[in-house]
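The following exercises are to be worked with the sequence and the structure in view. Each task is followed by a solution in steps.

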Amino acid sequence: MTGGPHAGITVVELGAGVAVAYAGMLLAARGAQVIRVEDAGESHDGVEDAPATKRAQWLGRGKRSLLLALDPARHDAATVAQALAVLQGLLARADVLLTDLPLARLRGLGLDADALCDRHPRLPLVRDSGFG
């Protein structure tokens with residue numbers, strides 16, 4: 001979509017849950033550019049499960065997708081550092097970070113609220129736990 005009330009807004013979506021993916025889908029439907037960031041090497045929705053594939057297609061509509069090697073348990077330190085540099089560059093141009101990652105995981109990525117305030121002071125962090 002090229003127009004809509006959220007045209008010109010860039011949202012970085014970093015998460016695995018349905019609530020954040022759904023919020024990102026709604027923002028994309030209203031014109032925002034939503035970039036879904038997923039960990040490379042992770043089992044993604046729909047690889048083996050047809051109903052999950054349909055859900056991933058539905059929740060992913062209107063979004064761009066980017067696979068980054070963010071998990072230090074799956075990737076070497078240099079690769080993770082490169083991926084984090086790409087993500088930080090993306091966040092420098094973003095208007096919103098939308099996530100449902102646990103706080104400890106965000107801290108490990110340097111994306112907790114304090115770190116984001118230091119590095120990207122104008123970037124709102126919207127976080128959902130999946131349980132309200």
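**Exercise 1.** Determine in which helix L26 is found, and decide whether L26 is buried, partly exposed or exposed.

*Solution.* The model is predicted.
Step 1: L26 belongs to helix α1.
Step 2: The relative accessible area of L26 is 38%. Buried means under 20% and exposed means over 50%. L26 is therefore partly exposed, because 38% lies between these limits.
Step 3: Together with V18, Y22 and W58, L26 makes a nonpolar surface patch of about 360 Å².
Step 4: Helix α1, which spans residues 18–29, gives the most to this patch, with three residues.

**Exercise 2.** Describe the largest nonpolar core and state which element gives the most to it.

*Solution.*
Step 1: The largest nonpolar core has 20 residues. Among those with the most contacts inside it are V12, L14, L87 and L111.
Step 2: Two or more residues come from each of β1 (10–14), β2 (33–39), α3 (77–93) and α4 (103–109).
Step 3: With six residues, α3 gives the most to this core.
Step 4: Leaving aside residues up to four places away in sequence, L111 touches L14, L87, Q88, L91, L106, L116 and L125.
Step 5: Another core, of seven residues, lies apart from the largest one; V11, V20, A32 and V96 are among its members.

**Exercise 3.** State how many helices and strands the chain has, and in what pattern they follow one another.

*Solution.*
Step 1: The chain has five helices and five strands.
Step 2: Along the sequence, their pattern is β-α-β-α-β-α-β-α-α-β.
Step 3: Of the 132 residues in the chain, 37% are buried.

Notes. Residues numbered from 1 in each chain as written. Predicted model: local features only at pLDDT ≥ 70, side-chain atom pairs only at ≥ 80, totals over all residues. Heavy atoms only, no water. Core = buried A, V, L, I, M, F, W, Y, C linked by side-chain atoms within 4.5 Å. Buried < 20%, exposed > 50% of the residue type's maximum accessible area, 1.4 Å probe, protein only. Helix = DSSP H or I, 4+ residues; strand = E, 2+ residues; numbered from the N terminus. Contact = heavy atoms within 4.5 Å. Patch = residues over 30% accessible without salt bridge, like charges linked within 9 Å, V, L, I, M, F, W, Y side chains within 5 Å. Areas by Shrake-Rupley, 256 points an atom, 1.4 Å probe, with all protein chains shown as cover. Salt bridge = Lys/Arg side-chain N within 4 Å of Asp/Glu carboxyl O.
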